Structures are given as structure tokens and as C-alpha cells.
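Reader: I am new to this structure. Please take me through one part of it closely, and then what lies around it.

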Amino acid sequence: MTSCHVAEDPIKKVAIFGGTHGNELTGVFLVKHWLENGTEIQRTGLEVKPFITNPRAVKKCTRYIDCDLNRVFDPENLGKKKSEDLPYEVRKAQEINHLFGPKDSEDSYDIIFDLHNTTSNMGCTLILEDSRNDFLIQMFHYIKTSLAPLPCYVYLIEHPSLKYATTRSIAKYPVGIEVGPQPQGVLRADILDQMRKMIKHALDFIHNFNEGKVFPPCAIEVYKIMEKVDYPRNESGEIAAIIHPKLQDQDWKPLHPEDPVFLTLDGKTISLGGDQTVYPVFVNEAAYYEKKEAFAKTTKLTLNAKSIRSSPL
């Protein structure tokens, strides 16, 4: 009789990244703690390595030094000849790829959890890069169920024209974790507790999986990116309107074509427009002003995963 399960190799190597953005302090704080005392993140038979990814940015409490570390893990940057003239984050990317990769190789770490904060009101958010990955869908389902009744959202960044080249993408299973709202350069106990629990449940899932537990078929609700929306701008390219009060803090809530999204200083309201209801995320994210992103539109859909179990060693 053939098994209906998807057999996956046991997970052996896991990394937890903090400080990819040096002013997002929850991950920095947790990773530094786990480097001193990693008892709570250890699981039998599993290597779990906490790591500060951008130490210079962490020391200066800034997002990055030369360029965004979370956008440079592409073949072009990873393949550049080593030189002191390279941007600091490109050199760090090459170093991280050497330590935890190489990207797209059998030697790369199985899972990387990359810890982030957002100034947007997004609560606990898991970032998924592949809608067809049964293992990650099962993991995210486990985390969401374990956190309940606390909401946990899944942001699917799979898009043909949006390439992120994330720090975590060197792993076989990349997992982005965003928790907010939290100002840059600030620690909040409630946000820290939520992120800590997300990592605990994720590691428990991996442990159970490695122990041979069968996870039956499941489904999760996800929010898939459609497009990024910039602020209205004047002829000089400066922002000409701000996020409307009725949109502020309304991440994940339905946004209808007639709903207001921007407000000019002379009181003019600008509505969403279009012909469909969307779900906004990263609303008024402080770090995205430089990226010309006021919020991202998403559409809501359901992803299904087959039953999984670990394959015998």
C-alpha cells in the first residue's frame, strides 16, 4: 500500500537571524539573549544557530549601513568579486551565504527564521515565499493554531515581477517573521513575547516532525501581494498626501474601491479606486518611505497542503 504522505527529509540545521535591519530590536534582543543562553531554542537532534546578521547596523541602531541587506541575496551580488569597495551589506551577504548556504545548494541550512519588526499594525505575521511548499504551509498552520486566539497572518510575497532576494532565501525553507506595531529603535514587551512564542511553536513543529509525527492535510488563509502603492507626489517627487486616518492601522482589513486611502493637507480625500476589494498590509511602514511604498495591496486566498511526515534516516 503506497503512502499518501509527502515524505520530507528530517530537518537538521536551523538558523535564527536577528538584526537584518539594525533598528528592528526584537530580533536583535532575542538573538543576543539566545547567544548567551540558548536553552529555550534547543531541540534534541537539531542544530539551532542564532546569528546577528548586520552587526554594524545593530551597533548604530539604523536599518542598514550602505544598502538594504534584505534585498541583496541575488546571484549578481553574491557572485561579485570580493572587494573593500563593495557596499558593506553586499560583503555581509557574501559572508552569510558562505556560512549558511551556498544558496540553492544541498549544503545550505534547512530553515532560516529571519526576525523583523514593522511600524505597521500587522500583529504576528509569517512571510511565505512559495505557495506550493507543503512543509512550510504545514508549519505555518501549526504556528497559527498554537497562537490562537491571538491572530497570526500569512503574507505571500510570490509575484512574477517582485523579486525580494531576502536574507533568509539562502535556506531550503525561508521563513520571514514580522511583528508589530513597534517603532524603530524601540522594544515592547508584548511584541517580544509574541515573536518569542512564534519561534517556540516553529521549533516545536520541527521537533515533532523529526520525531516522525504525521501532519494531516491542512489549509491556511493567506494574503498574496498584488502590487505596491506609492504616496501621491508633486512635480518635485515629494509626498503630496498622507495615509488617511480611516486607513491608518487597518492592516489586513478589507479596503473597498470607494474607501479613502490618502488625505492632502488641504483636506482632499483620495479613494482607493479600481473595481475590487483588497487587503492592505505594511500601511504607513516607516522604512518604506524610501522605497516609495505607502502600503501593499493583497488578495485573500486559501492554500492547501498535503499530509507530511519525515522520511526515515
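Author: What follows looks at one helix pair, then at an annotated site and some backbone features.

This is a predicted model, in which local features need pLDDT of at least 70 and side-chain atom pairs count only at pLDDT 80 or more, while totals for chains, interfaces and linings use all residues. Residues are numbered from 1 along each chain as its sequence is written, and side-chain values use heavy atoms, with hydrogens and water left out.

Start with the helix pair. Two packed helices are described by the angle between their axes and the distance between the axes. Here helix 1 (residues 25-36) packs against helix 6 (residues 189-210) at an angle of about 60°, and their axes are 10 Å apart. Helices (H or I, at least four residues) and strands (E, at least two) are DSSP runs, numbered from the N terminus. Axes are lines fitted to C-alpha atoms, for helices over the stretch in contact, and angles run from 0 to 180 degrees between N-to-C directions. Helix 1 and helix 6 are therefore oblique to each other. Angles under 35 degrees count as roughly parallel, over 145 as roughly antiparallel, 65 to 115 as roughly perpendicular and the rest as oblique.

Now the residues that meet. Helix 1 brings Thr-26, Gly-27, Phe-29, Leu-30, His-33 and Trp-34. Helix 6 answers with Ile-191, Leu-192, Met-195, Arg-196 and Ile-199. Contact means heavy atoms within 4.5 Å.

Next, the annotated site. UniProt places the feature "active site" at Glu-178, in an unreviewed entry. Such annotations may be inferred rather than shown by experiment. Glu-178 is in strand 7 (residues 173-180). Glu-178 counts as buried because its relative accessibility is 7%. Buried means under 20% relative accessible area, exposed over 50%, partly exposed in between (1.4 Å probe, protein chains only). Not counting residues up to four places away in sequence, Glu-178 touches several residues, including His-116, Asn-117, Cys-124 and Phe-282.

Last, the backbone. Most residues other than glycine have a negative phi, and most peptide bonds are trans. The bond from Gly-101 to Pro-102 is cis, with omega near 0°. Pro-102 sits in the loop between helix 4 (88-100) and strand 4 (111-117). Asp-104 is also found in the loop between helix 4 and strand 4. Asp-104 is not a glycine, yet has a positive phi of about 65°. At 75% relative accessibility, Asp-104 counts as exposed.
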